[in-house]
Amino acid sequence: MTVAHLKAARPCIGRLAAGRALAGAALLAAVATLPWLSGSDPARTVLRARSADLDPTPAQLDAVREQLGLDEGPLAHLVHWLGGLPRGDAGVSWVSGAPVMPQVGAALSVSLTLMLGAFAVTALVAGLVCVRTVLLGSRRRLRRDRAGAAAAVLASLPKFLLASVLATVCGVWWGWFPPSGWEGPQSMVLPSLALGIPSGAVLGGMLDQALPAAFHEPWARTAYAVGLPPGRIARNALRRTLPGLLPQLLPTVVSLVGGAVAVEQIFNIPGLGRLSLEAAVAQDLPVLQTATFALILLGVSAGVVIRALRLALLGRPLRDGALPALHRPALTVPRSLRRITFGCALALIALVTVGLLRDPLQVDTAARLLPPSVDHPLGTDALGRDLLARLGHGALRTAGVALAVTAVSVVTGLLLGMAPRASAGPTEVMATLPAVLAGLLVAGVTGPSVWGAASAVCGVAWSPYAAQTAALLEQERASGHIAASVALGADRLHLLRRHLLPAIVPAVVRNALLRLPTTVLVLASLGFLGLGEQPPTPEWGRLLSENQPYAELAPWTVLGPAAALVVLSVLAVTGSVLGRGKDE
């Protein structure tokens with residue numbers, strides 16, 4: 001790198017560091033106000049967490065307020081907590097009275113170990129998803145587009161449901177691995193699979209959609225013509241496409257640590273996500289602040305490493321503005337893809353039509369957990385309610401809210417990603433915030449509601465799209481045709497409309513479609529905690545959460561909602577493929 005490049009990079013590095021510091025401070029300040037925002041008495045919540053006393057006396061509440069200094073307000077507590085960090089003192093737990101730092105350190109070490117195992121599964125699944133494209137592309141045989149149905153199916157699998165199935169089948173029935181606890185390397189196999197399979201499908205689907213553009217570049221045609229081995233061509237194609245995918249590793253890595261709450265609870269793993277949720281529910285502020293601070297440090301560190309790796313892969317062409325632009329070719333769409341899309345659409349229409357003709361709220365205790373039959377085609381739940389009726393009535397609400405959240409998140413991510421220097425810090429920090437914690441903060445202001453939960457998810461779900469937009473924007477700006485357009489007098493609006501947005505928006509939309517089932521499940525998790533959609537309203541994600549305890553006894557109670565999510569995901573992905581390809 002030249003001296004001029006180093007001088008130009010210093011202000012950029014300073015702005016990135018300042019953005020990270022400001023975003024981290026804002027998040028910690030918001031977390032510090034949680035006990036006062038919740039609308040409940042923090043002393044009563046802490047006292048119940050300590051002793052499960054359902055009716056504490058006023059004297060007990062006053063003693064807890066005086067002991068914890070609750071009358072001093074959140075600012076004093078935040079300043080006191082920050083003052084102890086340089087000495088390695090994060091205070092003591094409001095609930096247990098034990099020092100906080102050893103608790104968070106132990107939970108973080110467990111979560112990092114689990115993250116490594118889950119990340120290995122993620123990389124393996126991502127490789128399996130795109131192996132066909134790599135093999136055909138490196139041999140100049142890639143002529144037909146892929147439906148992406150396999151990636152969509154795996155990406156739509158609920159992690160908590162997959163964890164329950166793995167714990168029951170591989171842990172209890174077959175006895176291959178421990179079904180719960182954290183005792184050794186064997187204990188991390190099943191939770192790593194539950195976390196890594198859906199994450200790997202999302203990343204693999206994105207990489208699979210990006211690889212054809214690299215294999216159709218002039219260098220790939222020349223390399224094949226001169227007889228270079230397919231393995232070398234594949235490695236260079238991966239090097240061209242991975243920089244656009246690497247920013248997606250940040251939310252993936254952080255979600256494997258802080259967002260693995262449900263999986264940690266099912267397998268009884270003492271990780272950081274579970275500790276954060278328990279501290280948030282009990283309003284144990286010192287533990288919650290320290291866990292959030294650890295997640296912020298992890299997110300920022302991962303962001304720095306990922307950015308350095310991207311720059312190393314792209315190399316000098318990025319710095320010199322000589323990076324060829326990646327443009328996906330119009331591959332032939334197989335006829336089977338139309339049949340898959342039509343079948344998924346027909347299945348959803350039939351589900352909604354037949355389900356709307358039934359009563360989703362009728363309770364029949366004599367018909368609890370009935371298997372599928374003529375009277376109840378999908379069976380009944382634990383209260384004897386018809387599952388087909390609840391799926392049909394919940395379809396439009398589930399899809400509508402999820403699509404609205406996804407649209408808002410995509411637009412927000414695009415807008416912020418277009419200003420990468422200003423948004424890099426907030427993107428890294430917000431990627432560390434679990435949606436459950438965001439839901440608690442929003443519910444403290446607006447109260448529990450479906451739109452409050454949607455706002456909370458929007459507040460954190462934009463970060464993957466902003467990271468992807470910033471990465472693609474940086475690569476597109478460094479391409480030769482952008483420099484030529486500027487030399488010919490193109491203004492910023494022309495560049496945005498004719499070059500930048502057409503290169504960025506399709507990839508971001510495909511990413512959003514793959515993440516659509518995840519949005520449904522995150523909204524369901526907030527509803528399950530009383531922060532979102534409230535019972536008895538039928539909603540697909542909530543149906544999964546409510547029926548998950550009965551998955552072993554009555555598997556049909558979760559198979560119906562899970563299958564509906566899979567069909568919705570496949571329909572969204574295959575529909576997007578049909579929209580960009582050419583007929584066979």
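This is a predicted model: local features need pLDDT of at least 70, side-chain atom pairs count only at pLDDT 80 or more; totals for chains, interfaces and linings use all residues.
**View 1. The whole protein, from end to end.** The C-alpha atoms fill a box of roughly 80 × 70 × 45 Å along the principal axes. A compact globule of 584 residues would have a radius of gyration near 25 Å, and the protein agrees with its 25 Å (taken over C-alpha atoms; the rule is 2.2 Å times the number of residues to the power 0.38).

View 2. Of the 584 residues, 52% count as buried, meaning under 20% relative accessible area with a 1.4 Å probe, protein chains only. The accessible surface comes to about 25500 Å² by the Shrake-Rupley method, and 66% of that belongs to carbon and sulfur atoms.

**View 3. Helices H10 and H11.** H10 covers residues 218–225 and H11 covers residues 230–245; their axes come within 11 Å and cross at roughly 170°. The axes are lines fitted to C-alpha atoms over the stretch in contact, with angles from 0 to 180 degrees between N-to-C directions. So H10 is roughly antiparallel to H11 (an angle over 145 degrees).

**View 4. Who touches whom.** Trp219, Ala223 and Tyr224 of H10 meet Ile233, Asn236, Ala237 and Arg240 of H11, where contact means heavy atoms within 4.5 Å.

**Notes.** Residues are numbered from 1 along each chain as its sequence is written, and side-chain values use heavy atoms, leaving out hydrogens and water. Local features need pLDDT of at least 70 and side-chain atom pairs count only at 80 or more, while totals for chains, interfaces and linings use all residues.

Conventions. Helices (H or I, at least four residues) and strands (E, at least two) are DSSP runs, numbered from the N terminus. Angles under 35 degrees count as roughly parallel, over 145 as roughly antiparallel, 65 to 115 as roughly perpendicular and the rest as oblique. Buried means under 20% relative accessible area, exposed over 50%, partly exposed in between (1.4 Å probe, protein chains only). Accessible areas come from the Shrake-Rupley method with a 1.4 Å probe; for residues, only the protein chains shown count as cover.
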